[in-house]
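These are my notes from one sitting with the model. I went through charges, helices, backbone geometry and a few distances in turn.

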Amino acid sequence: MSPIHALLPALALIASTAAVTAQAASDPNSYAETDKVRVTNLALDLHVTFRTHQIVGKAELSLDWRDKNARELKLDTRGLSIATVEIVDAAGKTSPAVFSLGTADKILGAPLIVKFDQQAPKVRVSYATHPEASGLQWLSETQTAGKKHPFLFSQSQAIHARSWVPLQDTPAVRFTYSADVHVPKPLRAVMSANNHPDASVETGEFHFEMDKPIPSYLLALAVGDIAAKSTGPRTAVYAEHAMVDKAAKEFEDTEKMIVATEKLYGSYRWGRYDILVLPPSFPFGGMENPRMTFATPTVIVGDKSLTSLVAHELAHSWSGNLVTNSSWKDIWLNEGFTSYVENRIVEAVYGREQSDMEDVISQFGLKQEMAELKPEDQLLMLAPLVGRDPDEALTDVAYIKGAWFLTFLEKRFGRPAFDAFLRGWFDAHAFQSVDSDVFVAYLQKHLIDKHPGKVKPAEIDAWLKQPGLPETAEPAKSARFDKVNAARTDWLGGKRDAASLAAAKWGTQETVRFLEGLPEKLDAKQLDELDAALHFNGTANGEIAQRWYPLTVRSGYAKARPSIEQFLIGIGRRKLIMPTWEALMTTPDGLTFAEGVFAKARPGYHPITTGSVQAALDKARKKN
């Protein structure tokens, strides 16, 4: 990446559209030649076949030719079987196209190259997915809550959409789409489009429209025995029947969150905001698919203490879905902005104490992760991800360091000025894909120049282009955590017992903070006392489990192993389970135990989770 002189006034003169085009043409994680031609609309006709674990269908792509001399279209694919490719002329007449699949790359997949005698407005591809497509997870009946019907869900971010649809799989390209989806009766299909809670499931036929242009990673599909329950005038929860009432209660504040965000950053522009609660194997906390957030059931703990996940995915409706990073090296423009907005939503709905606690926990996690990252991966403005899987860019640096930078700006310029600036950013770049250069230019013109002397160029540079945390990073503080820290010190010093900690009736965040501040190892007596009082083994709260179980592993506390096995088999959310997997793999005995558990867990894991655990196992075997 060429040096960017962040605060030079000349950057403010760069037209955002020109910057977007230049960035799009150089996305190293896509074969698409977007300076020549871009997809503007996608029409899908998909048949979901659970017996073979395949989607068989057609994708008709509308084309905007940018180069009048171009006669070739390159689409991204991974593992797709291409049956036919047809060119569709302006009258709708089709003719066979000359096409080929290029050499497959282990990260990028293979380009589908279509030749044209003359430019045409559309191309139609008939294809089938691979049974092990990286962007799809097929669950058997026994892997669902209801145990009667199978389940399918997609996960397209970062570059997994190409494993189930041939398209230009780069966030630089935005398109509208429609889909006709055919599924076995009585299953329901939902997509990142217009969904109807009262839609009939008796026909097995579902039609979807997304009239807002979205990038490919927001293309989403799920099929299963899914019930729906309205939670507000423009919100509903979708889930398996056994989960839907519990989920609707946990997420009943969603409309309040939308209203709070609209007051800060302008109207919600997507119509409905629905939530699909997926089976436990979902590899992420949530996925911000527009109009239908996909969410993990691990946040449903009965006390709304983990609903900041909904605040995060909702925040993406402004930062990420509305204004999108044009390549994955600028992922902080999505996730950093979203994490900042999430915190503001939590503050507005649940109070400043709650948002402060979550800030402290997030910053603690960032520092832990950065200690393991290479200096070049600690930057907000990353180098182009040439030869790298863009999933590697999804670190806490993008999320938490990015949000911390925006908090720094808020404090320097004042909340009223910064809120107006951020709202203006969303309005000025709505439904666009942009890069960091565009943001820096906008920051210079619309905030720094209007408030001279508030921020120095070197301070901006330290945040965006230097590793670690700059000197201007002011840590978050929480008065409630001060009490937790004091209680931990007293317990470790023998001044109070664990029963008195239980009597304090801490919430999730306070318990997490208590665990994070413990020594690397405790003795068996201490662990016995904590577990007897606070019931950590077997906890249904994944945020607590992901801190407790690694502590027991480091301490050689074998009593926790049955609960660890159950935990690792029961859910597939990477954030929650990877710390325990990695702790187990540090010793030969733990590695042997991990290998046995993984053999049981693997059939229920999403391919993304499987890949993460397998990579950690391979690395551990080399060391041991």
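**Entry 1: a charged patch**

I looked up Glu 205 and found a relative accessibility of 44%, so Glu 205 counts as partly exposed. I use buried for under 20% relative accessible area, exposed for over 50%, and partly exposed for what is in between (1.4 Å probe, protein chains only). The model is predicted: local features need pLDDT of at least 70, side-chain atom pairs count only at pLDDT 80 or more, and totals for chains, interfaces and linings use all residues. Residues are numbered from 1 along each chain as its sequence is written, and side-chain values use heavy atoms, with hydrogens and water left out.

Glu 205 is in strand E13, residues 205-215. Strands (E, at least two residues) and helices (H or I, at least four) are DSSP runs, numbered from the N terminus. I noted a negative patch on the surface made of Asp 45, Asp 180, Glu 205 and Glu 209. Patch members have over 30% relative accessible area and no salt bridge; like charges are joined within 9 Å, and nonpolar side chains (Val, Leu, Ile, Met, Phe, Trp, Tyr) within 5 Å. Asp and Glu count as negative, Lys and Arg as positive, while His and the chain ends are not counted. The place of a charge is NZ of Lys, CZ of Arg, CG of Asp or CD of Glu. Areas come from the Shrake-Rupley method with a 1.4 Å probe, and for residues only the protein chains shown count as cover.

**Entry 2: salt bridges**

I turned next to pairs of opposite charge. Side chains of opposite charge can pair when their charged atoms come close. How many salt bridges does the structure hold? I have 40 in the list, each a side-chain nitrogen of Lys or Arg within 4 Å of a carboxyl oxygen of Asp or Glu.

I checked Asp 64 with Arg 66, which form a salt bridge at 2.8 Å, N to O. Asp 64 is partly exposed at 29% relative accessible area, and Arg 66 is partly exposed at 43%.

The second pair I took was Arg 412 and Glu 459, with N to O at 2.9 Å. This pair links distant parts of the chain, 47 residues apart: Arg 412 sits in helix H7 (residues 396-413) and Glu 459 in helix H10 (residues 457-465). Is Glu 459 buried or exposed? I read 15% relative accessibility for Glu 459, so it counts as buried, whereas Arg 412 is partly exposed at 28%.

I then looked at Lys 600 and Glu 565, whose closest N and O atoms are 2.7 Å apart in a salt bridge. Lys 600 is in helix H18 (residues 588-601) and Glu 565 in helix H16 (residues 561-570), so the pair ties together parts 35 residues apart in sequence.

I also recorded a network of salt bridges linking Lys 249, Glu 252, Asp 253, Lys 256 and Lys 304.

**Entry 3: helix H5**

Helix H5 covers residues 332-350, 19 residues in total, and runs 25 Å from first C-alpha to last, close to the expected 27 Å. The expected span is 1.5 Å times one less than the number of residues. Of the 19 residues in H5, 16 are buried, and the helix is mostly covered. Gly 351 follows H5 and has a positive phi near 105°.

**Entry 4: backbone geometry**

Which peptide bonds did I note as cis? One runs from Gln 157 to Ala 158, with omega near 0°. Ala 158 is in the loop between strands E10 (151-154) and E11 (174-182). Another joins Lys 185 and Pro 186, with omega about 5°, and Pro 186 is in the loop between E11 and strand E12 (188-191).

His 53 has phi near 55° and lies in the loop between strands E1 (37-49) and E2 (54-65). His 53 is partly exposed at 32% relative accessibility. Phe 431 has a positive phi of about 60° and sits in the loop between helix H8 (415-428) and strand E21 (432-434). At 23%, Phe 431 counts as partly exposed.

**Entry 5: two distances**

I took Val 190, in strand E12, which is buried at 1% relative accessible area. Val 190 and Leu 333 are 28 Å apart, C-alpha to C-alpha, and 143 residues apart in sequence.
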